[in-house]
Every structure is written in C-alpha cells, then in structure tokens.
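I'm opening my notebook on a new structure today.

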Amino acid sequence: MRPDDLISFPIFGEAFIFNIPRFFTIFGFNIYYYGLFITAGYALAGLYLIKRRELFGLTKDNILDLLLIAIPCGLIGARLYFMIFNYQDFFAPGQWGNILRFREGGLAVYGGIIASGLVFIIYSRVKKMPIGNLLDAAGFGLFIGQAVGRWGNFINREAFGVETDLPWRMGLTSVTGIVRYYHPAFLYESLWNVAGLLIMHIFSKKSSTKYPGQYFLFYVAWYGLGRFMIEGLRTDSLMIPGTSLRASQWLAAFSFLVALILLIYFHVRKYSADVAVEDDEDDDEEDEDDNDVDDDDVDDVADEVDEDVDAEDTESAEDIAEIDGASEEEIADEAIDEDVDAEDTEAAEDLAELDGVSTSEVENEPDEEIEDSPDDKPDDSSGEKIETKSKAENKKHKISIRRRRK
C-alpha cells in the first residue's frame, strides 16, 4: 500500500474513486488530514458533552478543562502504547529521535483511551467529583472521537483488513494499475462506534441512569466486543513481543469480559435494592390497609351487637307478653290501673289527715255527694282546712267515677 494509491468502492460504481492527498500545505507547513479528523473528533465530543452536561452533573468549565488536559495526554498515551509494541523502532541505538516524530504516524487508540481514562480519574480526585459521572462523560466522548477519527485512517490508506470480494469491499489501486480489494476495517469500527453512541444516547433520553459509571462500562464492553472482531481482520495489528497474539485484540477481549461482568453485577445489585425498597413500601401500604380494615371490622361488630341486643329485647318483650297471656292493649290497661290505684291511695291519705281517720277507713266509706248546710258555715280560721278537704273529696269522687267506668 502506498499513500498515493487510489481508493474506490465498487458498490457505488467504477467511477467512484478517491484520490485524496494525506495533507495540504499552508505557508510551507504541512497539515495532515489525520490530525484534523482527530481534532474534529475531540471538538464534536466536547460540544456534545456541553449540550448534555446536566446528565453528568458537569459545567462548561469542567468539560473545557477535561478537553484541554485529555487531548495532549491522550496523544501521549497513544504514542506510548504504539512504542511499547514497536520498541525496536524507538529504543534501538540511533532510533531515539523517532519518539518525537508524531507527524510520521505511530498512534494506537487503546493507548489514548487508557491515558484519557486516567486523566478523568485524577481530575475527579482533585476536584472531589464523582468518578462515575466523569467516566460516563468519557464514554460518550470516546464514541464520538473514535467514530470521527477513524476517517483519518481512510485518508492515510491504513487500518484496512484482509483481502475480500464482498460487495462493500474497498479497492486500492497502485500507480502501476494493480487493484486489490480489502475489508474497510476503519469503516467497520467507525460505524460500530456510531451504533454504540446511538444506543447510549437513546437509552439516556428514555431512562434515567441506574448508577454512576453505567455508560462508561457499556462503552468499554461495546467497543471491546467490536474491536475484538474487527482487529482479527486487520493486517497491521500490533503484536505482543515474542508471540503471534494481537495485543489490541486480546486487550479488547479482556476489557469486554470485565465490563460485562461489572454491568451484570451492578445491575443485579441495583435491581435487588429497588425490589427491597418496593417490598418495604408494599408492607407499609398493607399495614395501613390492615389498620383501616380493623377499624371497619370494629364498627361492623358494634353494629351487629347493637342489632342483636335490640332483637333480644324485642324477643324478650314478646316472650313476656306470651307468658302472661296478655296482648299489648292489656298491658297498657294494667299500666292505667296501676296509675289509678296510686292516685286512690294518695287521695285516701289526704282525707285521713284531714278527718283524723286511717286510710283503710276512708277507702271503706261510701261515695256520697256532700252538700253544705246553710247553718254550717266555716269561720275564717278554718277556711284553708275546709278548702283542702273539699279538694280531696272531689279527687276521691273522680276516682269513684273512673272505677264505675271500668
């Protein structure tokens, strides 16, 4: 592969050919498209995080601080990662100067991810901010940065896969006219990152965060799974020294498994905690319902007791009436007789006091009309006594009339 090879995609037709140079010159200084795509990725990530800063509990100043620190540290980390697995090109005699030649290439994405993650952790400790929220922001930013930055590999004619004849294959035509078709691995990874970003974006819009760090773990798992599959297609992978193992592929597999386990663990723990809280709330509601039911039961029992007492009283009255062989009218007549007898006794006592006789004698006297003799006129001193006696006799006369009626 040469940097001036023509790029084509047969799926869009034979005329769909790119011949883009790797850089352009301004005032004699070469500006590489690869660097511009990386810068654009950081810029878009920053704009997105500023737009959604409330989701992460951050301010604009926090995001700008992180970008200013993460960009240089990410580049250094990417360079170190690449140098570790190509140490013979940097640490051999006479090769030390290559360490600073960034413009000639030699960056590895995983090194930038690790360095950026460390920056966010240190920043959270210094600012005393929740590390989970900062890492969540990093997850969104890394998806955006990588999705855009991979197009720098497209301009450099690098990060492609093995040869293939699939419809979406990418063609590279050399200056000699030889065309070879490869897997567009850079495109696979870019689209994979876009898909992960969309999933997280939609999920964050429709559902609240279950716990801090959730989105970062999803990023690590999602990117790890995709990178493990895509890295196996590439022809320019970094190898673990002394082995035939692809360093980034196995790091991707390890990170995917760890992140997946943590996602499951935290999800189960959060679910269990939510269930426990719901159970406590249900128990409280049941206790309130039981108290309400108990009050209702007490009222119902009281009503039933009152009804039973009333029924028993009615039955007792009816039983008494049956036992005496008397009807309700007879019972009423007996009550009247008792009242009459009481009045007779009272009248008799009054007459006895006046005449100086006993009650029995007054009752045995015949009922006669009393006529006043013209000669027997009471004097003034005995007027009150005579008036009282007259009232008593009148009362006795009325009693006699009542007895005749009966």
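**Entry 1: one asparagine.** I went to Asn193 and found it in helix 6, residues 185–206. I kept in mind that this is a predicted model. Is Asn193 buried or exposed? Its relative accessibility comes out at 0%, so I put it down as buried, since the cut-off for buried is under 20%. Next I asked which residues Asn193 is in contact with, leaving aside neighbours within four places in sequence. I got Phe143, Gln146, Ala147 and Tyr223.

Entry 2: I looked up how the two helices lie: the axes of helix 4 (residues 109–127) and helix 7 (residues 214–231) come within 13 Å and cross at roughly 170°. That angle makes helix 4 roughly antiparallel to helix 7, because anything over 145 degrees counts that way.

**Entry 3: another helix pair.** I then checked helix 1 (residues 33–51) against helix 3 (residues 60–84). Their axes are 10 Å apart and the packing angle is about 155°, so these two are roughly antiparallel to each other. I wrote down the crossing as right-handed. Helix 1 brings Tyr42, Gly46, Leu49 and Ile50 to the contact. Helix 3 brings Lys60, Ile63, Leu64, Leu67, Ala70, Ile71 and Gly74. By class, that gives 8 nonpolar, 2 polar and 1 charged residues.

Entry 4: In what order do the 4 strands of the open sheet come? I read it as 2-1-5-6, with antiparallel pairing.

Going through the pairs, I found 3 bridges between strand 1 (residues 6–8) and strand 5, in the antiparallel sense. Strand 5 (residues 170–173) and strand 6 (residues 179–182) also run antiparallel, joined by 4 bridges. Leu172 was handy for keeping my place: Ile7 stands opposite Leu172 in strand 5, and in strand 6 the bridge partner of Leu172 is Arg180.

**Entry 5: the turn.** Last stop: strands 5 and 6 make a hairpin, with 5 residues between them. In that turn I marked Gly177, which has a positive phi of about 90°.

How values were computed:
Residues are numbered from 1 along each chain as its sequence is written. This is a predicted model: local features need pLDDT of at least 70, side-chain atom pairs count only at pLDDT 80 or more; totals for chains, interfaces and linings use all residues. Side-chain values use heavy atoms; hydrogens and water are left out. Two strands pair if DSSP finds at least two bridges between them. Axes are lines fitted to C-alpha atoms, for helices over the stretch in contact, and angles run from 0 to 180 degrees between N-to-C directions. Angles under 35 degrees count as roughly parallel, over 145 as roughly antiparallel, 65 to 115 as roughly perpendicular and the rest as oblique. Buried means under 20% relative accessible area, exposed over 50%, partly exposed in between (1.4 Å probe, protein chains only). Contact means heavy atoms within 4.5 Å. A crossing is left-handed if the near helix is turned anticlockwise from the far one by less than a right angle, and right-handed if clockwise. Ala, Val, Leu, Ile, Met, Phe, Trp, Tyr, Cys and Pro count as nonpolar, Asp, Glu, Lys and Arg as charged, and the others, Gly among them, as polar.
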